[in-house]
Amino acid sequence: MKKNISINLFGTLYNIDEDAYNLLENYLQSMQRYFARQEGSEEVADDIEHRVAELLWKRREAGMSAINIETVKEIIDTIGNAEQIAGESGNGDKYARNEGQYARTEGPGENRFRENFNQLADDVDRFARDAYDKGRQHVKTHRFYRCADDKVLGGVCSGIAKYFNAGEPLIWRLGAIALTLLGVGLPLPIIYIVLWLVTPAAITPEDRLRQQGKEITPDNLAQQVMDDSQPIVVKNENKGCLKAILIVIAICAILPIIFLISFWAKFFFHMF
Amino acid sequence: MNTDNTKSQMRKGMLEYCIMLLLHQQPCYANDIIQRLHEAEMIVMEGTLYPLLSRLKKDGLLGYEWRESTQGPPRKYYTLTDDGQEALRQLDASWEEISRTVNFLKVKS
């Protein structure tokens with residue numbers, strides 16, 4: 001049994017399963033994000049929405065009573081997702097891979113950082129692609145993101161845990177704290193802050209797939225959309241305390257490092 | 001040798017010309033274009049068509065008008081503008097050249 005909602009597409013009402021709706025909405029949104037950035041292509045997302053409406057209409061005429069997720073997957077397969085379209089039309093490859101990232105704003109400074117980072121990541125991607133034709137898919141789809149929905153500070157630790165598919169974020173967090181306190185990982189807070197600044201957070205389901213190194217296909221996307229719509233139990237009460245401890249550690253760690261750097265700078269200055 | 005890239009480059013270059021040829025005969029909306037291309041066995045991912053149409057429109061080669069449809073949502077019918085007709089003539093000529101070259105080399109080798 002599935003929950004069913006009704007949607008209005010250009011004046012026609014359709015009944016659609018909830019998971020199918022999530023997938024379809026996500027698809028149309030990703031098209032909108034992608035084409036909104038390309039000058040003169042604002043209409044394209046609208047054209048595609050019309051096409052979706054038309055394909056749904058045809059299926060209804062053929063006797064379909066409610067739209068299920070299989071139907072939506074079929075439609076996405078016929079039209080293609082943003083990455084595929086960009087790959088075929090050949091002019092927006094780079095934009096497609098960063099789909100959604102440019103559109104996000106968390107602060108002007110951070111955004112500039114991010115664009116530079118994306119530029120660099122693209123160059124690396126391209127180089128790697130030329131070098132390893134076979135491994136192209138891997139380089140293209142596996143990227144590091146912060147976890148926006150499971151974070152204490154910036155979601156870097158849970159991002160690492162997700163990227164390497166290795167263990168609970170909590171273990172990474174405690175490990176980072178322990179290393180810092182032991183003195184071995186003194187630069188960790190700085191590395192953390194840099195990663196926080198230069199990497200994007202995984203927001204769209206496409207991001208989450210790339211974060212895990214999965215290919216962006218309608219099937220995977222559908223699975224991801226369904227996983228995302230599961231209610232997440234957030235244990236917030238402990239996070240406030242952990243956050244305070246982390247900030248104190250970060251400050252304690254950064255001060256001696258700044259001191260050390262200035263000391264070394266002075267040392268070198270005297271030597272030359 | 002991996003010929004996929006070359007093939008897709010060839011297709012890309014052709015697609016624009018093919019669409020203009022289609023529109024030269026009669027105004028079409030996206031579904032007509034997709035179907036005609038399909039009949040002509042030109043395989044293309046539907047989604048790539050829309051950015052292409054939008055670009056041709058921006059360049060002034062195509063125009064469109066909305067028409068209500070009794071079957072589904074309103075449709076955007078594309079037509080070739082005068083500039084588009086002129087561009088098509090040029091593409092015709094250059095296609096002639098290309099096919100002459102290819103045929104010539106095929107026979108020789």
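Trainee: Is B:Tyr77 buried or exposed?

Mentor: This is a predicted model, and the accessibility is computed from it. The relative accessibility of B:Tyr77 is 14%. Buried means under 20%, so B:Tyr77 counts as buried.

Trainee: Which parts of chain B does the pair of B:Tyr29 and B:Tyr77 tie together, and how many residues apart are they in sequence?

Mentor: The two rings form a tilted pair, with 5.4 Å from centre to centre and 45° between the planes. B:Tyr29 lies in the loop between helix H1 (4-25) and helix H2 (30-39), whereas B:Tyr77 belongs to strand S2 (residues 75-80). The pair therefore ties together parts of chain B whose separation in sequence is 48 residues.

Trainee: What is the geometry of the pair formed by A:Phe144 and A:Tyr163?

Mentor: The ring centres of A:Phe144 and A:Tyr163 are 6.0 Å apart, and the planes stand at 65°. Planes over 60 degrees apart count as edge-to-face. The pair of A:Phe144 and A:Tyr163 is therefore edge-to-face.

Trainee: Which residue lies over the face of B:Tyr64?

Mentor: In chain A, A:Arg60 lies over the face of A:Tyr14, at 4.8 Å from the ring centre. For B:Tyr64, the distance to the ring centre is 4.5 Å, and the residue over its face is B:Lys76.

Note on methods: Residues numbered from 1 in each chain as written. Chains lettered and ligands numbered in written order. Predicted model: local features only at pLDDT ≥ 70, side-chain atom pairs only at ≥ 80, totals over all residues. Heavy atoms only, no water. Phe/Tyr/Trp six-rings, centres within 6.5 Å; stacked < 30°, edge-to-face > 60°. Helix = DSSP H or I, 4+ residues; strand = E, 2+ residues; numbered from the N terminus. Buried < 20%, exposed > 50% of the residue type's maximum accessible area, 1.4 Å probe, protein only. Lys NZ or Arg CZ within 6 Å of the ring centre and 35° of its normal.
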